Amino acid sequence: MAGKDSELEKGLHAIVGSFYKYAKGPPGAQALDQAAFQKLLSNELSHQLTEVQGTEAGKELLKSYADKKVVSFEEYWKLVPFVCQTIRCNNYSKAGRKPAEMAGKGSELEQGLHAVVGSFYKYAKEKGGAQVLDQAAFQKLLNNELSHQLTDVQSTEAGKELFKKLDTDKKQLLSFEEYWELVAYICQTIQRYSYSK
Ligand SMILES: [Ca+2]
């Protein structure tokens, strides 16, 4: 598959990679201690999580996500949707800022998170008061944004199968939450193949 990775593909790699950039420990059990977690917040999330840039606030945030004193990948993964939720509220709700205001700003991780959220809204249409993807829009997203990452679902038939799998409420439409399952699946795959050895 020729060509460069899409913003979405780069973003998915940045989300996984940003954890491993700061994590320490034996392969398969890397985690962020408090200092590493604080570095990640300060270096990679300074535009997005402005209120946790102080050490005390960072410590509180760590406590709310970490089971022990360190943040595992699984726990980091719970923080990611929280940040995406703030992006959705700030940039894609009717009262929110325009997405363009963030363009070009931020770390690779922040731009990646914006790409993950923005890619959904790029193809979504409003139906019944919510933004959703129908099958045709989803196929476009797969073909235009995920052609390097999901090579096996580039045909319409395979895309339809994936759509069915993700459409858990069987309404023939994908909500952001259903799209999120795909994001999680791709990030797990990236983690397994690129970082678990
Ligand atoms: Ca659905």
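**View 1. Burial across the protein.** Of the 197 residues in the protein, 32% count as buried (20 or more other C-beta atoms within 10 Å of the residue's own, with C-beta atoms placed from the backbone). Please keep in mind that this is a predicted model: local features need pLDDT of at least 70, side-chain atom pairs count only at pLDDT 80 or more, and totals for chains, interfaces and linings use all residues. Residues are numbered from 1 along each chain as its sequence is written.

**View 2. The overall fold.** Eight helices and four strands make up the secondary structure (DSSP runs numbered from the N terminus, helices being H or I of at least four residues and strands E of at least two). Along the sequence their order is α-β-α-α-β-α-α-β-β-α-α-α. The radius of gyration, 17 Å, is close to the 16 Å from the globule rule for 197 residues, so the protein is as compact as a globular protein of that length (taken over C-alpha atoms; the rule is 2.2 Å times the number of residues to the power 0.38).

**View 3. Where α6 meets α7.** The axes of helix α6 (residues 135-145) and helix α7 (residues 156-166) come within 10 Å and cross at roughly 115° (lines fitted to C-alpha atoms over the stretch in contact, with angles from 0 to 180 degrees between N-to-C directions). The two helices, α6 and α7, are therefore roughly perpendicular (65 to 115 degrees). In α6, Gln135, Phe138, Gln139 and Leu142 meet Thr156, Gly159, Lys160 and Phe163 of α7 (contact means C-beta atoms, placed from the backbone, within 7 Å).

Definitions and conventions
Buried ≥ 20, exposed ≤ 12 C-beta atoms within 10 Å, placed from the backbone. Parallel < 35°, antiparallel > 145°, perpendicular 65-115°, else oblique. Contact = placed C-beta atoms within 7 Å.
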